[in-house]
Amino acid sequence: MQRSATSTRNARATATLPCAALLATTPGVLRTRVTAAVLGVVSAALLVAPGGGPLGAVTRAFTVLLTVAFVAVVQLSPQPAAAFLRPALRAIWIAGVATAVLVQVMWGSDAWGALAWEARRSIGFTMRFLVKVQPAVIVLYEPIVRFVSLATPFTLALKAVAGLALAWRWHRVLTTTTVSEPGNAAIHEALVTSTH
């Protein structure tokens with residue numbers, strides 16, 4: 001349960017922190033600055049909450065590096081303001097490399113084995129619960145644990161894409177002047193439905 005709560009907090013921070021950073025770097029009205037500050041405080045609370053072990057620490061570091069990379073790529077990009085996917089993928093790549101270098105510098109090459117073991121242990125708890133509920137699942141236990149632990153970087157990247165997409169949409173909605181302008185009503189409606 002603790003691991004699930006930590007994972008949920010990290011996933012939320014993957015959306016709130018980039019949105020706060022985008023809002024903070026966008027010229028705007030006081031409302032935009034206040035929203036950026038509130039989202040920044042919420043993100044900090046999500047990221048400094050205890051728990052998660054070394055894998056949680058790596059995920060939190062990746063989230064911070066992802067935010068910095070995304071804002072930098074968006075600010076320096078010659079792409080139109082509506083383009084999202086290319087800057088997001090560049091930021092994920094930059095943050096992934098930076099996180100890998102950080103892990104190597106902080107913990108050495110032995111850290112990769114420890115992180116893989118923690119990922120296997122984490123999914124192992126979930127699979128043991130499923131085996132208790134449905135004993136026939138035992139035949140899938142080892143393949144699923146192995147696959148999910150090896151896929152951890154890819155699932156982190158998918159969560160990053162989803163978080164950045166939410167941050168991008170929230171940023172676009174919050175920086176529009178009014179909902180009554182053409183096109184903004186649809187964006188506002190999409191934001192409201194995406195948060196429910």
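This is a predicted model: local features need pLDDT of at least 70, side-chain atom pairs count only at pLDDT 80 or more; totals for chains, interfaces and linings use all residues.
From the N terminus on, the protein chain runs α-α-α-α-α-α-α-α. Of the 196 residues in the chain, 34% are buried. If you take contacts between residues at least 6 apart in sequence, 68% of them join residues at least 24 apart.

**Helix 4 and what surrounds it**

- Helix 4 covers residues 85–107, which is 23 residues.
- From first C-alpha to last, helix 4 reaches 32 Å, close to the 33 Å expected at 1.5 Å a residue.
- Its buried residues are Pro87, Ala88, Ala91, Ile92, Ala95, Thr99 and Val103.
- These buried residues of helix 4 pack against helix 3 (53–76), helix 5 (111–133) and helix 7 (152–174).
- Thr99 has its place in helix 4, and with a relative accessible area of 7% it is buried.
- Leaving out residues up to four places away in sequence, Thr99 touches Val58, Phe62 and Leu65.
- Once helix 4 is over, Gly108 comes just after it and takes a positive phi of about 80°.

**Helix 5 and its partners**

- Helix 5 also gets a span check: it has 23 residues and reaches 34 Å from its first C-alpha to its last, close to the 33 Å expected at 1.5 Å a residue.
- Buried in helix 5 you'll find Ala111, Leu115, Glu118, Ala119, Ile123, Gly124, Met127 and Val131.
- The buried residues of helix 5 pack against helix 3, helix 4, helix 6 and helix 7.

**Two helix pairs to look at**

- Start with helix 3 and helix 5, whose axes come within 8 Å and cross at roughly 105°.
- That angle falls in the range from 65 to 115 degrees, so helix 3 and helix 5 count as roughly perpendicular to each other.
- On the helix 3 side, the contact is made by Gly53, Pro54, Leu55, Gly56 and Val58, and on the helix 5 side by Leu115, Glu118 and Ala119.
- Sorted by class, this contact of helix 3 with helix 5 has five nonpolar, two polar and one charged residues.
- Next come helix 6 (residues 138–150) and helix 7, which pack at an angle of about 55° with their axes 4 Å apart.
- Helix 6 and helix 7 are therefore oblique to each other.
- Helix 6 brings Val148, Ser149 and Leu150 to this contact, while helix 7 brings Thr152, Pro153 and Phe154.
- By class, helix 6 and helix 7 meet through four nonpolar, two polar and no charged residues.

**The nonpolar cores**

- The largest nonpolar core has 15 residues, and those with the most contacts inside it are Phe62, Leu66, Phe70, Phe84, Ile92 and Leu164.
- Helix 1 (2–24), helix 3, helix 4 and helix 7 each supply at least two residues of this core.
- Helix 3 gives the largest share of this core, with five residues.
- A second, separate core is made of eight residues, among them Ala20, Ala36, Leu39 and Ala167.
- Back in the largest core, Phe84 is one of the residues with the most contacts inside it.
- Setting aside its neighbours within four places in sequence, Phe84 is in contact with Phe70, Val161, Leu164, Ala165 and Trp168.

- Thr67 lies in helix 3.
- Its relative accessible area is 6%, under the 20% cut-off, so Thr67 is buried.
- Not counting residues up to four places away in sequence, Thr67 touches Leu17, Pro18 and Ala21.
- Arg12 is found in helix 1.
- With a relative accessible area of 52%, Arg12 is exposed.
- Arg12 and Leu46 are 34 residues apart along the chain, yet their C-alpha atoms are separated by 7.6 Å.

Methods
Residues are numbered from 1 along each chain as its sequence is written. Side-chain values use heavy atoms; hydrogens and water are left out. The expected span of a helix is 1.5 Å times one less than its number of residues. Buried means under 20% relative accessible area, exposed over 50%, partly exposed in between (1.4 Å probe, protein chains only). Contact means heavy atoms within 4.5 Å. Axes are lines fitted to C-alpha atoms, for helices over the stretch in contact, and angles run from 0 to 180 degrees between N-to-C directions. Angles under 35 degrees count as roughly parallel, over 145 as roughly antiparallel, 65 to 115 as roughly perpendicular and the rest as oblique. Ala, Val, Leu, Ile, Met, Phe, Trp, Tyr, Cys and Pro count as nonpolar, Asp, Glu, Lys and Arg as charged, and the others, Gly among them, as polar. A nonpolar core is a set of buried Ala, Val, Leu, Ile, Met, Phe, Trp, Tyr and Cys residues joined through side-chain atoms within 4.5 Å.
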